Amino acid sequence: IREVADDSSGNAGASMAAYAAMAGIKAHICTPAYAPGGKKAQIRNFGADLISVPGPRPEATKAAQRMATGNIFYASHAWVPINLVGQQTAAFEIWEQLGQRAPDWILLPVGQGTLFLGLYDGFKRLQAAGLISTLPRLVAVQATKIAPLVHAFRAGGEQVAAVAADYTVADGIAITKPVRGK
């Protein structure tokens, strides 16, 4: 792979731009036009091609997916299976920094759901290894305007339907249809 496209509100895009630069891969990062300037600056500073996309967050995803033809690979962190395994390390770090114990509760902003699932899997591994006796209670937090997981939870179902795109200051979790919703 010599060229990638990704969509991001900025944080994952900056990370993708940095890793791509280190690997000598050309990165095209699509962000919503309203993404914070500091996040866009990071993406540009790593040498990525920044594409500022008008409209709500899902438009940036569509733009990146349209770019993924021919020699450009769609490298969304939400879809890469190894990313979910990597997110487990956050549970290990929390356990370690709390003196080898798990917290009682974790409240976590959730967009795609990858970090939430990674924490759950990581704490399950700690429990299976006999390093903790009980799992922390994990609470997924979403923005009022874009809360597909909250709607599914309240409806009592496992299927997560897409919600209407809207603007929120919680731009990093403004995901209308989470990849890992179920």
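Start with the charges. Select the charged side chains: 17 are positive and 12 are negative. The centres of the two sets lie 3 Å apart. Keep in mind that this is a predicted model.

**The whole chain**

The chain holds six helices and six strands. Follow them from the N terminus, and the order reads β-α-β-α-β-α-β-α-β-α-β-α. Turn to the C-alpha atoms. They fill a box of roughly 50 × 40 × 30 Å along the principal axes. How does the radius of gyration fit a compact globule? For 182 residues, such a globule would have a value near 16 Å; the chain has 17 Å, which agrees.

Colour the residues by burial next. Of the 182 residues, 40% are buried. Take the contacts with a separation of 6 or more: residues 24 or more positions apart account for 57% of them.

**The largest nonpolar core**

In soluble globular proteins, nonpolar side chains tend to be buried together. Select I106, L108, L119, F123, L126 and I132. These have the most contacts inside the largest nonpolar core, which has 13 residues. Which elements give two or more residues to this core? They are α4 (81-97), β5 (105-109), α5 (114-128) and α6 (148-155). Helix α5 gives the most, with three residues.

Zoom in on L108. Set aside its neighbours within four places in sequence. L108 is then in contact with L115, F116, L119, V139, A140 and V141.

Next, select V4, M16, A48 and L50. They are among the eleven residues of another core, which lies apart from the largest one.

**Helix α3**

Move to helix α3, residues 57-67. Which of its residues are buried? Pick out R57, P58, A60, A63 and A64. Now show the strands that the buried residues of α3 pack against: β1 (3-7), β2 (26-32), β3 (49-53) and β4 (73-74).

**Last stop: Q100**

Finish in the loop between α4 and β5, where you will find Q100. Check its backbone angle. Phi of Q100 is near 65°, a positive value in a residue other than glycine. Is Q100 buried or exposed? Its relative accessible area is 51%. Exposed means over 50%, so Q100 counts as exposed.

Note on methods: Residues are numbered from 1 along each chain as its sequence is written. This is a predicted model: local features need pLDDT of at least 70, side-chain atom pairs count only at pLDDT 80 or more; totals for chains, interfaces and linings use all residues. Side-chain values use heavy atoms; hydrogens and water are left out. A nonpolar core is a set of buried Ala, Val, Leu, Ile, Met, Phe, Trp, Tyr and Cys residues joined through side-chain atoms within 4.5 Å. Buried means under 20% relative accessible area, exposed over 50%, partly exposed in between (1.4 Å probe, protein chains only). Helices (H or I, at least four residues) and strands (E, at least two) are DSSP runs, numbered from the N terminus. Contact means heavy atoms within 4.5 Å. The radius of gyration is taken over C-alpha atoms; the globule rule is 2.2 Å times the number of residues to the power 0.38. Lys and Arg count as positive and Asp and Glu as negative; His and the chain ends are not counted. The place of a charge is taken as NZ of Lys, CZ of Arg, CG of Asp or CD of Glu.
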